Amino acid sequence: MQNAVAGRTALVTGAGNGLGRAIALALAESGARVVLVGRTRESLEEVAAEIGRDSVVASCDTSDAEQVAALGQQMVGEQVSILVNNAGIPGPVAPLVDIDVDDWDEVFAVNVRGVYLMCRQFLPPMVERGSGDVFNLESVSGKRPLARRTPYTASKMAVIGLTTSLAYEVGPVGVMVNSLSPGPVSGPRMERNFRLEAERTGTTRAQAEEAFVSRSALHRMVTEDEVAAAVVAMLHMPGLCAADIDLSAGMVAR
């Protein structure tokens, strides 16, 4: 199969750690020039060092309109044809009635507003060229009940709606917009969730994890590398548009 990534420029938000780092590394390995975007320059530079060749580091809070506009100016001359909106925060773990308004707004600012701002900034050149790919990282948590996580789940469902609607806006000119919805990904974020759940239920962290992964067909979580590989695979599916792909080790089945 022809490499659909080599020679292209891919911009990845939240690229300094976790899924963003894994996706950036996978795209670079497939031959893309990667623009690493995030709030903490030091962590971005560490990922750039891992890539070990030509890449771009850019500090930006994607929920801030002025910073996103400045990022656009910085990228003049870079033909970004792959945009991966990965930046996101988990938000509070609490009953809805106990969640502060500021905490709710922060989740939507990062998880939804940031996607909107990045698309608004980087879609016009793709539309003008008549080609490009946008990937929005979602979560299966946006499509199933997850008690005590209402801001997070609501924000993820919002971006699924943004993804499908935007795909119909720009698909006719050749720009593909899709989303990838991982299930629980092994790493620090899930460790935090297991610890909080163990405290809430009076169980051990290991018991909390076991109760959680037992719901999946593969009886495990997915890995960061598996999610990154899925992004690359989706770029090799030219008919894929307005799609939301579940990657959950069987945590959800539809």
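This is a predicted model: local features need pLDDT of at least 70, side-chain atom pairs count only at pLDDT 80 or more; totals for chains, interfaces and linings use all residues.
Modeller: Residues are numbered from 1 along each chain as its sequence is written, and side-chain values use heavy atoms, with hydrogens and water left out.

Biologist: Why is aspartate 133 called buried?

Modeller: Buried means under 20% relative accessible area, exposed means over 50%, and partly exposed lies in between, with a 1.4 Å probe and protein chains only. Aspartate 133 has 12% relative accessibility, so it counts as buried. Aspartate 133 is found in strand β5, residues 132-137, where strands (E, at least two residues) and helices (H or I, at least four) are DSSP runs numbered from the N terminus. Leaving aside neighbours within four places in sequence, aspartate 133 is in contact (heavy atoms within 4.5 Å) with Arg8, Ser81, Ile82, Leu83, Met126, Met176 and Leu235.

Biologist: What makes aspartate 102 count as exposed?

Modeller: The relative accessibility of aspartate 102 is 61%, and therefore this residue counts as exposed; its place is in helix α4.

Biologist: How do you know that arginine 148 and histidine 219 are neither buried nor exposed?

Modeller: Arginine 148 has 27% relative accessibility and so counts as partly exposed, and histidine 219, at 40%, also counts as partly exposed. Arginine 148, in the loop between β5 and α5 (150-170), has a positive phi of about 75 degrees although it is not a glycine. Histidine 219, in the loop between α7 and α8 (224-235), has a positive phi as well, near 55 degrees.

Biologist: Why are α1 and α2 called roughly parallel?

Modeller: Axes are lines fitted to C-alpha atoms, for helices over the stretch in contact, and angles run from 0 to 180 degrees between N-to-C directions. Angles under 35 degrees count as roughly parallel, over 145 as roughly antiparallel, 65 to 115 as roughly perpendicular, and the rest as oblique. The axes of α1 and α2 (residues 41-51) come within 10 Å and cross at roughly 30 degrees, and α1 and α2 are therefore roughly parallel to each other.

Biologist: What makes α6 roughly perpendicular to α7?

Modeller: The axes of α6 (residues 188-201) and α7 (residues 205-213) come within 8 Å and cross at roughly 110 degrees. That angle makes α6 roughly perpendicular to α7. The contact is made by Met190, Glu191, Phe194, Arg195, Glu197 and Ala198 of α6 and by Arg205, Ala208, Glu209 and Phe212 of α7.

Biologist: How many residues of the contact of α6 with α7 are nonpolar, polar or charged?

Modeller: Ala, Val, Leu, Ile, Met, Phe, Trp, Tyr, Cys and Pro count as nonpolar, Asp, Glu, Lys and Arg as charged, and the others, Gly among them, as polar. By class, the contact of α6 with α7 has 5 nonpolar, no polar and 5 charged residues.
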